[in-house]
Amino acid sequence: MKTMILGAAGALAAACAYAHCVAEPYTDYAPQKGYWTINAVEVDPNHVDDYLTGLRSSQVSAFEVLKRRGLIDDYKFMVRTGYTKGAPNVLIMTHVPSSALDDPDQARDQAVEKEIYAAFSKQKGDEAVRGYEKYRTFIDTGNWQTMTMSK
């Protein structure tokens with residue numbers, strides 16, 4: 001009998017705890033506008049510096065064009081301390097302020113491409129990434145939305 005009462009009390013406690021843990025959008029947290037595009041890359045730990053140097057010359061100029069055009073409002077490169085084979089150790093992140101910017105706009109898109117190639121030519125871009133395949137593997141690419149928790 002004692003085991004049955006303790007079991008019922010435990011089940012009730014678990015049910016009550018669960019009821020308080022169910023989050024409600026716009027009450028417990030609020031989705032923020034825009035999203036982060038995160039590219040998770042595994043880079044041979046002996047070549048992380050080479051990879052970052054290449055990204056600095058190839059990606060930063062493109063990201064700055066996108067930022068000036070309002071297509072992104074922030075970008076980051078993150079490097080994981082430590083290395084685990086098969087896991088990403090470099091993140092390339094861009095923040096798009098509104099998903100409305102995903103809509104195609106031929107004039108805008110072609111102008112952006114032209115401006116990017118003026119700063120860093122397609123040929124230079126191809127040269128910059130040549131050899132990456134020897135020490136870089138893309139693990140994941142995804143869009144992540146920020147959620148702000150209520151206080």
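N89 counts as buried, because its relative accessibility is 5%, where buried means under 20% relative accessible area, exposed over 50% and partly exposed in between, with a 1.4 Å probe and protein chains only. The model is a predicted one, in which local features need pLDDT of at least 70 and side-chain atom pairs count only at pLDDT 80 or more, while totals for chains, interfaces and linings use all residues. Residues are numbered from 1 along each chain as its sequence is written, and side-chain values use heavy atoms, with hydrogens and water left out.

N89 lies in the loop between β3 (74–79) and β4, helices (H or I, at least four residues) and strands (E, at least two) being DSSP runs numbered from the N terminus. A polar atom of the N89 side chain is 2.7 Å from the backbone nitrogen of V43.

V43 also belongs to the largest nonpolar core, a set of 20 residues in which V43, Y51, V90 and I92 touch the most other members; such a core consists of buried Ala, Val, Leu, Ile, Met, Phe, Trp, Tyr and Cys residues joined through side-chain atoms within 4.5 Å. The elements that each supply at least two residues of this core are β2, α2, β4 and α3, and α2 gives the most, with 7 residues.

The table lists contacts (heavy atoms within 4.5 Å), leaving aside residues up to four places away in sequence.

| Residue | Contacts |
|---|---|
| N89 | V41, E42, V43, V48, M78, V79, R80, Y83 |
| Y51 | V41, V43, V90, I92, Y132, Y135, R136, F138 |

Y26, in the loop between α1 (2–21) and β1 (29–31), is exposed, with a relative accessible area of 65%. The phi of Y26 is positive, near 70 degrees.

Terms used:
A polar contact is a pair of N or O atoms within 3.5 Å; within protein, one must be able to donate a hydrogen and the other to accept it, and residues adjacent in sequence count only if both atoms are side-chain atoms.
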